[in-house]
Amino acid sequence: MRSTLADDYQDVPRLVAVMAKDFPSGAATGRHSHPRAQLLYATAGLMVATTEGGTWAVPTGHALLIPPGVLHDVAMHGAVTMRTAYLAPEALAVVPPGCRVIRVSPLLDATLVALAAEPTLYDLTGRGGHLAALVLDEIARAPDTPFALPLPRDARLRRLCRALIDDPGLDGGIDAWAEGVGMSRRTLTRRFREETGLSFGAWRRRVRLLAALTRQAQGGAPHEVSAAVGYRSPRAFRAMMQRTMRADTPAP
């Protein structure tokens with residue numbers, strides 16, 4: 001039987017070590033970190049990872065690349081079938097400064113599943129070694145997606161962000177929110193973009209998108225999901241989601 005303990009994959013003398021593990025809906029890992037970088041990928045279910053730097057939704061067809069040493073907690077929404085790859089730091093051409101949600105190509109999906117079925121100490125010159133090289137190549141080519149929700153460093157902006165994460169349907173305008181945190185509208189919008197890389201409007205759309213994905217994975221009805229994130233109808237929400245995906249996702 002192959003181990004399902006992450007610690008057993010950190011010192012494997014291979015650049016890529018893949019672990020297969022299943023989680024029931026509602027499970028959570030608790031805060032932890034790994035010496036290796038981690039590619040967190042679910043072939044089924046929705047994962048939501050939280051770090052000091054933000055929140056990251058990982059729906060089916062996507063994966064989260066976590067740098068070495070980053071504390072993170074992962075919550076499972078729906079039953080999750082996971083294939084996670086632990087990557088030696090020297091395996092990555094550039095170690096990312098923060099987490100990235102990437103789109104998983106059909107080739108990367110098949111390669112991760114195949115490598116999980118190989119021995120942990122696979123033959124470097126055989127099928128396992130070729131699969132590991134292909135995993136690294138596909139990760140390097142993968143585009144980012146709009147499922148990242150970075151948090152600003154400014155304590156006042158963080159309080160505002162936490163309020164919107166807790167209640168994605170919260171009604172209000174940017175002028176009122178700026179006044180509430182003791183900033184001018186101009187300062188809020190400038191600082192928010194500087195610290196997150198997103199406009200406040202784009203960030204708020206992502207909050208609603210991620211909240212809706214979570215509720216959908218938990219079995220929420222379309223009209224309940226759209227209302228909970230501040231939209232009058234499922235149609236209006238779908239239009240927002242399509243705009244967000246087109247605007248934020250680079251072309252392959």
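**Reading a predicted model, residue by residue**

Q: Let's start with V104: is V104 buried or exposed?
A: V104 is buried, because its relative accessible area is 10% and anything under 20% counts as buried. Keep in mind that this is a predicted model.

Q: Where does V104 sit along the chain, and which residues does V104 contact beyond its neighbours within four places in sequence?
A: To place a residue, look for the elements on either side. V104 belongs to the loop between β6 (100–103) and α1. Then look for partners from elsewhere in the chain: V104 is in contact with Y41, G61, H62, A63 and D109, once neighbours within four places in sequence are set aside.

Q: How far apart in space are V104 and V70?
A: Here you compare a count along the chain with a C-alpha to C-alpha distance. V104 and V70 are 34 residues apart in sequence and 22 Å apart in space.

Q: What about V80: which element holds V80, and is V80 buried or exposed?
A: V80 lies in strand β5, residues 73–87. With a relative accessible area of 1%, V80 is buried. Leaving out residues up to four places away in sequence, V80 touches K21, D22, F23, A42, A44, G45, L46 and M47.

Q: How far is V80 from A93, C-alpha to C-alpha?
A: The two are 13 residues apart along the chain, and their C-alpha atoms are separated by 30 Å.

Q: How should I read a nonpolar core, and how many residues does the largest one have?
A: The general idea first: in soluble globular proteins, nonpolar side chains tend to be buried together. In this model the largest nonpolar core has 41 residues. Those with the most contacts inside that core are M47, L64, M76, L188, F200 and W203. A second, separate core has 25 residues, including A85, A91, I102 and L115.

Q: How do I read a helix pair, and at what angle do α3 and α5 cross?
A: Follow the two axes and check both the distance and the angle. The axes of α3 (residues 155–166) and α5 (residues 185–196) come within 11 Å and cross at roughly 85°. The two helices are therefore roughly perpendicular to each other.

Q: Which residues make the contact of α3 with α5?
A: From α3 come R156, L157, L160 and C161, and from α5 come L188, R191 and F192. Sorted by class, this contact has 5 nonpolar, no polar and 2 charged residues.

Q: While we're in α3, what does the side chain of R158 reach?
A: R158 lies in helix α3, and its side chain reaches the backbone oxygen of P152 at 2.7 Å. Apart from neighbours within four places in sequence, R158 is in contact with E52, G53, L151, P152 and R153.

Q: Next up is P150: in which strand does P150 lie, and is P150 buried or exposed?
A: P150 lies in strand β7, residues 148–150, and P150 is buried with a relative accessible area of 15%. P150 and S25 are 125 residues apart along the chain, with 25 Å between their C-alpha atoms.

Q: What about a charged residue such as E118: is E118 buried or exposed?
A: E118 counts as buried, at 16% relative accessibility. You'll find E118 in the loop between α1 (106–116) and α2 (127–141).

Q: Which side chain does a polar contact of 2.6 Å join to that of E118?
A: The partner is R127. Leaving aside neighbours within four places in sequence, E118 is in contact with R2, R127, G128 and L131.

Q: So how does L131 look from its own side: is L131 buried or exposed?
A: L131 lies in helix α2 and counts as buried, at 12% relative accessibility. L131 touches T111, A114, L115 and E118, not counting residues up to four places away in sequence. L131 and V113 are 18 residues apart in sequence and 9.9 Å apart in space, C-alpha to C-alpha.

Methods:
Residues are numbered from 1 along each chain as its sequence is written. This is a predicted model: local features need pLDDT of at least 70, side-chain atom pairs count only at pLDDT 80 or more; totals for chains, interfaces and linings use all residues. Side-chain values use heavy atoms; hydrogens and water are left out. A nonpolar core is a set of buried Ala, Val, Leu, Ile, Met, Phe, Trp, Tyr and Cys residues joined through side-chain atoms within 4.5 Å. Buried means under 20% relative accessible area, exposed over 50%, partly exposed in between (1.4 Å probe, protein chains only). Axes are lines fitted to C-alpha atoms, for helices over the stretch in contact, and angles run from 0 to 180 degrees between N-to-C directions. Helices (H or I, at least four residues) and strands (E, at least two) are DSSP runs, numbered from the N terminus. Angles under 35 degrees count as roughly parallel, over 145 as roughly antiparallel, 65 to 115 as roughly perpendicular and the rest as oblique. Contact means heavy atoms within 4.5 Å. Ala, Val, Leu, Ile, Met, Phe, Trp, Tyr, Cys and Pro count as nonpolar, Asp, Glu, Lys and Arg as charged, and the others, Gly among them, as polar. A polar contact is a pair of N or O atoms within 3.5 Å; within protein, one must be able to donate a hydrogen and the other to accept it, and residues adjacent in sequence count only if both atoms are side-chain atoms.
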